[in-house]
Amino acid sequence: MLTVLYNPQGPQPRVRYKEGVKGLRELQREYEVMGEDILQLIGLDAFLALHDPSATEEHRSGLTERARKIRAIIFTEYPEKTPQLPNLETRVLPLALMDVHGEMTVCGNRVAFFSYESDMIALEIH
């Protein structure tokens, strides 16, 4: 039965792996220019432990230039550190509910998984 579903001539998923702040920024730039809405689950405290939020100012301005929505569920113990963007809709939940050490971002036909455990790494499926 699986042979019927197998289509070697059809579109195949592309998987990419990125490391560090440079890899994160590369993916962010790509998502900034896409026109689709963005859905995210973010472990904000783990992200902030590895990355200075002032360094993401360029990314934030790139996200607000497009007419699209960004919807995020943010897990943090510090709700006051949640980014404020005009096109960002957030729900903030405590880490006690789910201790998240990464991020999942969906935009168009892409999904990216980020780990903020000890270093920034990302896996994107397109």
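Reader: Which residues does Q40 touch, not counting residues up to four places away in sequence?

Author: Contact means heavy atoms within 4.5 Å. Here Q40 touches I70, R71, A72, I73, E103, M104 and T105. Keep in mind that this is a predicted model, where local features need pLDDT of at least 70, side-chain atom pairs count only at pLDDT 80 or more, and totals for chains, interfaces and linings use all residues. Residues are numbered from 1 along each chain as its sequence is written, and side-chain values use heavy atoms, with hydrogens and water left out.

Reader: What joins the side chains of Q40 and T105?

Author: A polar contact of 3.1 Å. That term is for a pair of N or O atoms within 3.5 Å; within protein, one must be able to donate a hydrogen and the other to accept it, and residues adjacent in sequence count only if both atoms are side-chain atoms.

Reader: Is Q40 buried or exposed?

Author: Buried means under 20% relative accessible area, exposed over 50%, and partly exposed in between, using a 1.4 Å probe and protein chains only. Q40 has 17%, so it's buried.

Reader: Where is the place of Q40?

Author: In strand β2, residues 38-43. Strands (E, at least two residues) and helices (H or I, at least four) are DSSP runs, numbered from the N terminus.

Reader: What order do the seven strands of the open sheet have?

Author: Two strands pair if DSSP finds at least two bridges between them. The order is β1-β7-β6-β5-β2-β3-β4, with mixed pairing. β1 and β4 each have a single partner strand, so one side of each lacks a neighbour in the sheet.
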